Amino acid sequence: MTIFQFPQDFRWGTATASYQIEGAAQEGGRGVSIWDTFARTPGKVFNGDNGDVACDSYHRYEEDIALMKKLGINTYRFSIAWPRIIPDGDGEINREGLDFYHRFVDALLDAGIEPFLTLYHWDLPQTLEDDGGWGNRRTVNAFVKYAEVIFKEFSGKINFWLTFNEPWCIAFLSNMLGIHAPGNKDVQTAINVAHGLLVAHGKAVQSFRRMGITGQIGIAPNVCWAEPYSKSAEDQAACDRSIALNTDWFLDPIYKGSYPQFLVDWFAEAGATVPIQDGDMEIISEPIDLLGINYYTMGINRHNPEAGVLQSEEMNMGLIKTDIGWPVESRGLYEFMHYLQKYGNVDVYITENGACINDDLENGKINDDRRISYYEQHLAQIHRIINDGINLKGYMAWSLMDNYEWAEGYRMRFGLVHVDFRSLVRTPKESYYWYQNVIRNNWLEIRN
Ligand SMILES: N=NNCCOCCOc1ccc(-c2cn(C[C@@H]3NC[C@@H](O)[C@H]3O)nn2)cc1
């Protein structure tokens, strides 16, 4: 038996997002988001699943908070649905939407749980997408107006703020690969979206500072760690491109005030350029306080001219995979956290980490041993990272409960709690009780 003791002030939590759990899509004055539209577009989402009901957390949040309290977490990451706050994107404020989130945040605080608020977790008001989306400065300015409404409303209640979740997914998965909403497949559009959201991020941070809002603010990139299939320079360069597009493309502008030139040049070869306007990079590089890092898996990549714009092909190395097909390899988290040190030993929270394991109820229990094994491996790496002196301050498991996994609909289950999407009954899985024990002890026991 090996014991890994965590720091006394280490934060333990779980994470969700508005469109994935709330439901009540036509209630409370909520407007239409790009995911409502995308989900209703034939062929885009498995089974045509949408977020109309989801986990119905809009109505059942007190039950969810009771599960969080029983789990023993002290931190809960959630996102605000912009379409609940300003239904048409940049028009009238919907008081009913603000009141819902006040009730929710107050209930979290009453339960002794620190809210970790994400402003944008992919549910853009459709009206703004119709007018050009993140590539149009109207959307950038509308985001700042929305952010300032939330800052003003929740300052004093919220101490941890994130502007954007997974900017690579918002820009490239959704606008170059077309896999997520709005489903564009155009490199220039993706680069325009990435730049727009970065300017929006910087302007929101400037507002946060100017308004004297409580707490710390940052952004949450997702990680795409990759190691070369061979020792060839070509394969290493292919890995560098994959890693950098998820991380450096966003963190270089924020921490250095400029894009990674080798990728700018790579995209220029493909005929795509970054639409930088005077003053943009100064805005984007407004200093932040923390980073959220979302890690799921890593790849072994090789250069392949046929493998998309980046010409970086992920090889199937025969590793154990989760049920969504992602290799289980916790080593990439350790390697990435050291890679991240090039931006300084900044405060980092793992804001998402978890496994898609689609076990179902058997005799009233869900024996998700594979999920427990995934968490054991990744928490052991977390301990190793902390032991190396890296400022990793907390960990949020993705996810509290099974929810709407975007284009995969409800078939892919990441939760510590099982959700029956017909009855909406929640059932803690064996991994929930395992995580409860880790939190209670503040240590990890690795079975020999
Ligand atoms: N990276 N290169 N890929 C090249 C080609 O990929 C094809 C498929 O791509 C991807 C990549 C990444 C994801 C993904 C999903 N989640 C889980 C959510 N995170 C935020 C939260 O809402 C969770 O639901 N995180 N990441 C999906 C599909």
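Student: Before we start, what does buried mean here?
Tutor: Buried means under 20% relative accessible area, with only the protein chains counted as cover. Bear in mind that this is a predicted model. Ala 24, with a relative accessible area of 5%, is therefore buried.

Student: OK, and where does Ala 24 lie?
Tutor: Ala 24 lies in the loop between α1 (18-21) and α2 (34-39), and its phi is near 45°, a positive value in a residue other than glycine.

Student: Which other non-glycine has a positive phi?
Tutor: Trp 406 has one, of about 55°; this residue is found in the loop between β12 and β13, and it counts as buried because its relative accessible area is 2%.

Student: What is 2.8 Å from the side chain of Trp 406?
Tutor: An oxygen atom of the ligand is 2.8 Å from an N or O atom in that side chain. The protein covers 72% of the 620 Å² of accessible area that the ligand has on its own.

Student: How many residues surround the ligand, and which are the closest?
Tutor: There are 16 residues around the ligand, and the closest are Gln 20, His 121, Glu 352, Glu 405 and Trp 406. In the side chain of Glu 405, an N or O atom is 2.6 Å from an oxygen atom of the ligand, while for Glu 352 the ligand atom is a nitrogen, 2.8 Å from an N or O atom of the side chain.

Student: Switching to the fold, which strands make up the closed barrel?
Tutor: The barrel has 8 strands in the order β2-β3-β4-β5-β6-β8-β11-β12, with parallel pairing. On average, neighbouring strands of this sheet are turned by 25° against each other, direction ignored.

Student: How many bridges join β12 to β2 and to β11?
Tutor: Strand β2 (residues 11-15) pairs with β12 over 5 bridges, and Ala 15 has Trp 398 as its bridge partner in β12. Strand β11 (residues 347-352) is joined to β12 by 3 bridges, where Tyr 349 is partnered by Gly 394. As for cover, 6 of the 7 residues of β12 (residues 392-398) are buried.

Student: What about the peptide bond joining Trp 398 and Ser 399, cis or trans?
Tutor: That bond is cis, with omega about 10°, and Ser 399 is found in the loop between β12 and β13 (417-419). A cis peptide bond also leads from Ala 181 to Pro 182, with omega near 10°; Pro 182 is found in the loop between α8 and α9 (187-210).

Student: And α8 itself, how many of its residues are buried?
Tutor: In helix α8 (residues 167-175), 9 of its 9 residues are buried, including Trp 168, Phe 172 and Asn 175.

Student: Which strands form the open sheet?
Tutor: The open sheet has 3 strands in the order β7-β9-β10, with mixed pairing. β7 (225-228) and β10 (312-314) stand at the edges, each with a single partner strand, so one side of each is left without a neighbour in the sheet. The twist averages 45° from one strand to the next.

Student: In what sense do β9 and β10 pair?
Tutor: Strand β9 (residues 298-303) and β10 pair in the antiparallel sense over 3 bridges, and Asn 301 has Glu 314 as its bridge partner in β10.

Student: Which helices lie across those strands?
Tutor: Helix α10 (residues 233-246) lies across β7, β9 and β10, running at about 130° to β9, whereas helix α14 (residues 331-339) lies across β7 and β9, at about 100° to β7.

Student: Last one: which residues is Leu 251 in contact with?
Tutor: Leaving aside neighbours within four places in sequence, Leu 251 is in contact with Ile 219, Pro 221, Lys 256, Leu 291, Leu 340 and Tyr 343. Leu 251 lies in helix α11 (residues 248-256) and counts as buried because its relative accessibility is 0%.

Terms used
Residues are numbered from 1 along each chain as its sequence is written. This is a predicted model: local features need pLDDT of at least 70, side-chain atom pairs count only at pLDDT 80 or more; totals for chains, interfaces and linings use all residues. Side-chain values use heavy atoms; hydrogens and water are left out. Two strands pair if DSSP finds at least two bridges between them. Helices (H or I, at least four residues) and strands (E, at least two) are DSSP runs, numbered from the N terminus. Axes are lines fitted to C-alpha atoms, for helices over the stretch in contact, and angles run from 0 to 180 degrees between N-to-C directions. Contact means heavy atoms within 4.5 Å. A residue is near a molecule or strand if one of its heavy atoms lies within 4 Å of it. A polar contact is a pair of N or O atoms within 3.5 Å; within protein, one must be able to donate a hydrogen and the other to accept it, and residues adjacent in sequence count only if both atoms are side-chain atoms. Accessible areas come from the Shrake-Rupley method with a 1.4 Å probe; for residues, only the protein chains shown count as cover. Buried means under 20% relative accessible area, exposed over 50%, partly exposed in between (1.4 Å probe, protein chains only).
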